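This briefing is meant for a reader meeting the structure for the first time. Please look over the sequence and the model before going on to the notes that follow.

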Amino acid sequence: MSHEIRTPMNAVIGMSRALMDSDLPSELHECAETIESSGNHLMALVDDILDYSKIESGKLKLEQNKLDLIYVIESAMKLISSNSSNKRLSLWYTINPEVPVQVYGDLVRLRQILLNLLSNAFKFTHEGFVSIHVELLPMNMEQFMGKSASSKQYESDKNKLSYPFTIDTPNSLANEKKLSDIHIMVSVTDTGIGIPVKKQNKLFQSFTQVDASTTRNFGGTGLGLAISKKLCRVMGGDMWVKSEENKGSTFFFSVILQKQSDSNTYREQNRLKELSKMCTQVLVITEQESVKLKWEYILRGLEIPSTLILTFKNACSMFESHKYKRTFPYSVIIMDVDTEDENNNQSNQIIMSSQSAIHHILNEYQHLRAVPTVCVSDSGLNKSAIPADNAMQASSSVNLQKSRKYSLKPVVDEIEQPYSVVIGEESIDTKHLHVAITKPFKNSKLVELLHDLFLEKEDDIESNSGNPSPHLIDIISTLDGSKIMEKI
């Protein structure tokens with residue numbers, strides 16, 4: 001399997017990719033694509049069978065190296081992110097703040113399990129979301145699994161894996177003091193087609209799928225879940241599912257890992273206590289229900305005390321009501337309104353972009369220029385959008401206007417000195433308070449941006465502490481521009 005089949009397939013796939021990169025006519029390019037796609041499918045099957053046979057024969061070797069659980073999750077999401085963009089599904093993850101993130105384990109095998117569950121989730125989900133959650137197993141396996149379909153099978157075969165599996169332990173780990181085991185549980189939830197309760201017992205059987213139509217419609221060998229479950233068992237855990245037909249599924253798996261002696265928890269790693277003190281209230285502006293749910297879970301996982309989620313129209317109404325008030329109650333504004341025009345024949349056309357929405361609110365509501373903002377753009381959409389000031393009445397008849405590509409840099413406005421708050425002939429540059437991020441993004445990148453935003457804001461407050469106008473923002477929020485100099 002490894003040499004006589006796998007090695008020639010590498011040549012077939014490599015040559016097909018070389019043909020695709022050459023100047024082929026369109027019909028021949030499609031032929032090369034078919035060869036490459038079929039070759040990849042066969043390679044995946046060969047890899048599955050090799051893994052399965054290693055597990056069955058007890059010759060599977062597990063690595064025991066230092067790894068970061070955040071990296072495990074985010075690297076798996078990066079590999080699967082193209083599926084998220086192509087199917088217009090929301091993808092996110094959360095980690096319980098108490099989970100130690102620096103552990104010892106097998107990165108490749110952990111990511112293999114996670115990628116299998118994510119691939120299945122995207123395969124069977126057409127709208128909505130896919131999410132990952134990591135936590136410490138709250139109790140022993142049998143109690144937690146309760147009445148799930150696979151828990152009945154757990155008692156009967158939990159001792160079957162008695163093979164002499166090998167764990168490669170590096171010298172650095174051998175010299176460590178006795179390490180404490182931690183029971184990690186990961187769940188992957190989707191809003192897909194779901195699985196009938198009567199058929200859930202087939203899920204983890206080798207070379208089987210729920211029914212014959214699954215193979216015809218979605219492909220697959222029926223080995224992925226069987227291998228993933230066995231890998232979990234080898235690592236001291238298990239895998240099970242809770243699902244309802246037409247309402248989605250949640251696949252759980254647990255593993256036993258070893259905590260590094262100097263490991264931080266997720267809370268400590270991301271300085272969540274510090275963040276929650278600086279960022280007490282967050283305003284999220286978005287249109288889609290799945291995106292609203294995404295931000296609710298992410299910000300709750302970051303222990304943000306209060307979050308308000310509004311549509312763009314409702315947010316503008318609120319900004320108008322706060323236009324002449326002395327303070328604005330929200331610590332940061334997150335703009336995530338990239339919206340696809342489903343009625344437009346042009347694929348992936350958007351009717352409003354986060355960038356144009358940021359431009360609109362900073363131009364219309366001057367007091368918001370001193371409020372940190374995060375512009376969230378969607379890399380999967382074409383960047384031509386209706387300006388945000390027309391977005392509330394947007395229709396297919398409105399002329400579309402080109403909008404600049406997004407990047408992980410401060411947002412660049414179209415007007416001159418876009419983030420300067422002007423008083424008389426002086427101005428205060430607030431450009432560093434407005435940043436952009438492209439989704440699907442890493443939570444670690446989001447946390448880094450939020451920390452940087454509030455650090456910059458604190459520096460501004462300190463640098464202005466000796467100025468004759470310490471309440472500058474309050475003055476601007478309260479008065480019309482013509483009266484500002486008189487007030488000063």
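Which residue in β20 does threonine 373 stand opposite? In this model, which is predicted, threonine 373 stands opposite histidine 434 of β20.

- Five strands form an open sheet with parallel pairing, and their order is β11-β10-β12-β15-β20.
- β11 (306-310) and β20 (434-439) are the edge strands, and because each has a single partner strand, one side of each is left without a neighbour in the sheet.
- From one strand to the next, the twist averages 20°.
- Helix α12 (residues 289-301) packs on this sheet, where it touches β10 (281-286), β11, β12 (332-336), β15 and β20, and its direction makes about 160° with that of β10.

**Strand β15 and its partners**

- Strand β15 (residues 373-378) pairs with β20 in the parallel sense over six bridges, and within this pairing cysteine 375 has alanine 436 of β20 as its bridge partner.
- β12 also pairs with β15 in the parallel sense, here over three bridges, and the bridge partner of isoleucine 334 is valine 374 in β15.

**Burial of the strands**

- β15 is mostly covered, since six of its six residues are buried.
- Thr373, Cys375 and Ser377 point one way from β15, whereas Val374, Val376 and Asp378 point the other way, and all of them are buried.
- β20 is largely enclosed by the rest of the structure, because five of its six residues are buried.

**The buried side of helix α13**

- In helix α13, which spans residues 312-321, the buried residues include Phe312, Ala315, Cys316, Met318 and Phe319.
- These residues lie on the same side of α13, because they cover an arc of only 160° around the axis.
- In general, an α-helix has 3.6 residues a turn, so residues three or four places apart point the same way.

**The crossing of helices α4 and α9**

- The axes of helix α4 (residues 107-123) and helix α9 (residues 224-234) come within 10 Å and cross at roughly 145°, and this crossing is left-handed.
- On the α4 side, the contact is made by Arg109, Gln112, Ile113, Asn116, Leu117 and Asn120, while α9 contributes Gly224, Leu225, Ile227, Ser228, Leu231 and Cys232.
- Sorted by class, the contact of α4 with α9 has six nonpolar, five polar and one charged residues.

Note on methods: Residues numbered from 1 in each chain as written. Predicted model: local features only at pLDDT ≥ 70, side-chain atom pairs only at ≥ 80, totals over all residues. Heavy atoms only, no water. Buried < 20%, exposed > 50% of the residue type's maximum accessible area, 1.4 Å probe, protein only. Helix = DSSP H or I, 4+ residues; strand = E, 2+ residues; numbered from the N terminus. Arc of directions from axis to C-beta. Pairing = 2+ DSSP bridges. Axes fitted to C-alpha atoms, helices over the stretch in contact; angles between N-to-C directions. Contact = heavy atoms within 4.5 Å. Left-handed = near helix turned anticlockwise from the far one by under 90°. Nonpolar A, V, L, I, M, F, W, Y, C, P; charged D, E, K, R; others polar.
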